[in-house]
Amino acid sequence: MRNFKAIALSAAFAAVASASDVEVLTKDTFPDFVKGNDLVLAEFYAPWCGHCKALAPEYEEAATTLKEKNIKLAKVDCTEEADLCQSYGVEGYPTLKVFRGPDNVNAYSGARKAPAIVSYMTKQSLPAVSLLTKDTIEDFKIQDKVVLVGYFAADDKTSNTTYTEVAEKLRDSYLFGASNDAELAKAEGVEFPSLVLYKSFDEGKSIFTETFSGEAIEKFAKTASIPLIGEVGPDTYAGYMATGIPLAYIFAETAEERDSFSAELKDVAEKHRGAISFATIDAKAFGAHAGNLNLKADVFPAFAIQDTVNNKKFPYDQEAKITAETIGKFVDDFVAGKVEPSVKSEPIPETQEGPVQIIVAKNYDDIVLDNTKDVLVEFYAPWCGHCKALAPKYDILAGLYVDAGLDSKVTIAKVDATLNDVPDEIQGFPTIKLFKAGDKTNPITYSGSRSIEDLIKFVKENGKYAAEVSYEEPSEDEAQKPIVESMAEQAQAATEAAKDAAEEATESVKSAASEATEAADAEIHDEL
Ligand SMILES: *[C@@H]1O[C@H](CO)[C@@H](O)[C@H](O)[C@H]1NC(C)=O
């Protein structure tokens, strides 16, 4: 009897495992599917893509969980359905999009893990604000790790509008509910209009105590939702950066160490709650990030504070002990403005040799913020291939403005952003921005092709002076050379190519090792 049961059970499991809840769509089935289902998450993928393969089991699991909420997950193989993918602007794999019917399409901006997908799509399925009653409020409070409930009178249109606007804006991050039942507010110890954030960690809830304004509510949601001492990782990093308050990192290599530091520093974190976020970070997995905070990336444990708004770094002495007392004092000093930020900079070049101005952290303000000039800045990394490919073109570009006598109006400059702290948020290399004369606070990020012509156009269209230089692609005048000369050139080129090949063989062994480190670095940066 027992055996029979076991067999029946495992057969049932097998059946569950093989049936997929992810709908496979083609150009013929896609339109009807998104029309016929209120809410669909669609993955556009390619079978060879590694991130897609990693996502697959998570996506399956999420589809199964979300089935009962009538939220559909679908996928499209873009190697089979190129036109369909192109029509939705798919440029990389996997691309995930949320469909509310065929015309209301939004990028999915959650993490690529089953629980994150489930939580994100659940939020999408609800109205931005759920109206709560005494029968539904208790369930609602535990629907997610963090939920917000606004309490205001039924006729208080102003508070209602304010709250709803914040909810629409932040609906991807939190669940929002509201109630106009005065009894419920009273039970929470709040008066109309007010707001309570419920959380599954720390003290369980936080009460909003400021004036009911959109800005204050948004800031409250972002800070009160973060655990007293949380953990920095790929899923939480963006959240910490969005708080608008400094982040204190506790780097430690083992989970036990991280727990014990959390306990040690709990009171310090509590004292600065709402003003500074505290979080541990796994120094084994993300130790390289210590380098971004101007800490040595191989000495742990370590502690540093990052001003997330101005991207200033305050590393704590890595030789000193991390205790409630020492860190308590360091943080107090930081708050009092007594700790100098650490600024990583190459030395200021003695002379600017080429047409491209070399920026380092120490001359950044002098060059970039020079209000009399339109300044085009390339943020690069020495290991970045696209940057290397751009370099000769960028030199030519800078030379054009010099030759045209326009260098008093336009500066073409670059900065090695791995060796110099810059105030800008750099998402990838190269990043190119134009700092317009007279308006240095809103640089414009370049998103065009990396061609000289397009860069010239960008400077003209966005700079204060609309300065323009002309450039012509070198024409094929090789063809006009006497045949003998060009044959001699070819022979020369062939010898050089052979020499290069020999050198490259040795070179590549050396560089393979360094490239591997760099790739790993880049990936961590990418992850975080
Ligand atoms: C907010 O306004 C909407 C639209 O008028 C209404 O349906 C909802 O009940 C209001 N919320 C509360 C908590 O009264």
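Helix 3 passes helix 5 in a right-handed crossing, where right-handed means that the near helix is turned clockwise from the far one by less than a right angle, and left-handed anticlockwise. This is a predicted model, with pLDDT of at least 70 needed for local features and 80 or more for side-chain atom pairs, while totals for chains, interfaces and linings use all residues. Residues are numbered from 1 along each chain as its sequence is written, and side-chain values use heavy atoms, leaving out hydrogens and water.

Back to that first pair. Helix 3 covers residues 50–67 and helix 5 covers residues 114–125; helices here are DSSP runs (H or I, at least four residues) and strands are too (E, at least two), numbered from the N terminus. Their axes come within 8 Å and cross at roughly 45 degrees, with axes being lines fitted to C-alpha atoms, for helices over the stretch in contact, and angles running from 0 to 180 degrees between N-to-C directions. The two helices are therefore oblique to each other (under 35 degrees is roughly parallel, over 145 roughly antiparallel, 65 to 115 roughly perpendicular, and the rest oblique). Among the residues making the contact are Leu55, Tyr59 and Ala62 of helix 3 and Ile117, Val118 and Met121 of helix 5, contact meaning heavy atoms within 4.5 Å. By class, this contact has 9 nonpolar, 2 polar and 2 charged residues (Ala, Val, Leu, Ile, Met, Phe, Trp, Tyr, Cys and Pro count as nonpolar, Asp, Glu, Lys and Arg as charged, and the others, Gly among them, as polar).

Next come helix 7 (residues 157–170) and helix 9 (residues 214–224), whose axes come within 9 Å and cross at roughly 45 degrees. Their crossing is right-handed. Thr162, Tyr163, Val166, Lys169 and Leu170 of helix 7 meet Gly214, Ile217, Glu218, Ala221 and Lys222 of helix 9, a set with 5 nonpolar, 2 polar and 3 charged residues.

Helix 9 also turns up in the second largest pocket, giving the most to its lining with 5 residues. (On a 1 Å grid over the protein atoms alone, a pocket is an open set of points with protein on both sides within 12 Å along at least five of seven lines, and lining residues have an atom within 4 Å of a point.) That pocket holds about 390 Å³ of space, a volume being the space filled by probe spheres set on grid points joined across faces, edges and corners. Of its 21 lining residues, Phe220, Thr223, Ala224, Arg273 and Gly274 are the closest to the centre.

Notes:
On a 1 Å grid over the protein atoms alone, a cavity is a set of points where a 1.4 Å probe fits but cannot get out, and a pocket is an open set with protein on both sides within 12 Å along at least five of seven lines; lining residues have an atom within 4 Å of a point.
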